[in-house]
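Student: I would like to learn how to read a model like this one. Could you walk me through it?

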Amino acid sequence: MEMKATNSLQQLLDDGIYKLIAGETILKNTLPKWIDETHSLSLKTMLRNYSYQINVNVEKLKAMCASHEENRKQCVTDRIMQAYIEDTNEKLERSTESVQDASLLEAIQAISQYKIHAYNSVAAWAITLEMLKDAKFLNDAKLTEKNIDERLYYLAIREVNRKARAPMAITA
């Protein structure tokens, strides 16, 4: 299938929004499995909240698409997000129970960093195109991802990595 050339900033923005929807949807569909496999109650709770935020983002992104003139006929995928998810699943399969939560937490942080970049780029395009309402949402989504990444970092230090380091010494 021949792809249409991208020749405007508006097209970059539209493609970016559709790619965000695709990536968030893939992640949204994968998170319940990861949540079920998580042993740490704190991590499980954080991932449930993250899943809720992803659902909110998907709905807002879809509303943004509805307000844009161009409708995509081709299926848009986020191959990078798909690769992150496949890598995470492989990592979890290789991890013993004692380090599984630490592996998952690190993978979610990597995904979050990718999403920070994606939201930031699309927000910059929206600002340049003076689509300030869309830019505000995209920037807010980026800041939410940064907050999630920071909370995961502290959860890793306070709990998850300690349990992985000494699984027999700490019982919960």
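**Reading a buried leucine and its surroundings**

Tutor: Gladly! Leu-20 counts as buried because its relative accessibility is 6%, under the 20% cut-off for that word. Keep in mind that this is a predicted model.

Student: Where is Leu-20 placed, and which residues does it touch?

Tutor: Leu-20 sits in helix H1. Leaving aside residues up to four places away in sequence, Leu-20 touches Leu-61, Ala-118, Tyr-119, Val-122 and Leu-138. Take Ala-118: 98 residues separate it from Leu-20 in sequence, yet their C-alpha atoms are 7.3 Å apart in space.

Student: Is Leu-92 buried or exposed?

Tutor: Leu-92, in helix H3, is buried, because its relative accessibility is 7%. Its contacts, again not counting residues up to four places away in sequence, include Trp-34 and Leu-104. Leu-92 and Trp-34 are 58 residues apart along the chain, with 9.1 Å between their C-alpha atoms.

Student: And which residues make the nonpolar surface patch?

Tutor: Tyr-153, Tyr-154 and Ile-157 make that patch, of about 280 Å². Tyr-154 belongs to helix H5 and is partly exposed, at 38% relative accessible area.

Definitions and conventions. Residues numbered from 1 in each chain as written. Predicted model: local features only at pLDDT ≥ 70, side-chain atom pairs only at ≥ 80, totals over all residues. Heavy atoms only, no water. Patch = residues over 30% accessible without salt bridge, like charges linked within 9 Å, V, L, I, M, F, W, Y side chains within 5 Å. Areas by Shrake-Rupley, 256 points an atom, 1.4 Å probe, with all protein chains shown as cover. Salt bridge = Lys/Arg side-chain N within 4 Å of Asp/Glu carboxyl O. Helix = DSSP H or I, 4+ residues; strand = E, 2+ residues; numbered from the N terminus. Buried < 20%, exposed > 50% of the residue type's maximum accessible area, 1.4 Å probe, protein only. Contact = heavy atoms within 4.5 Å.
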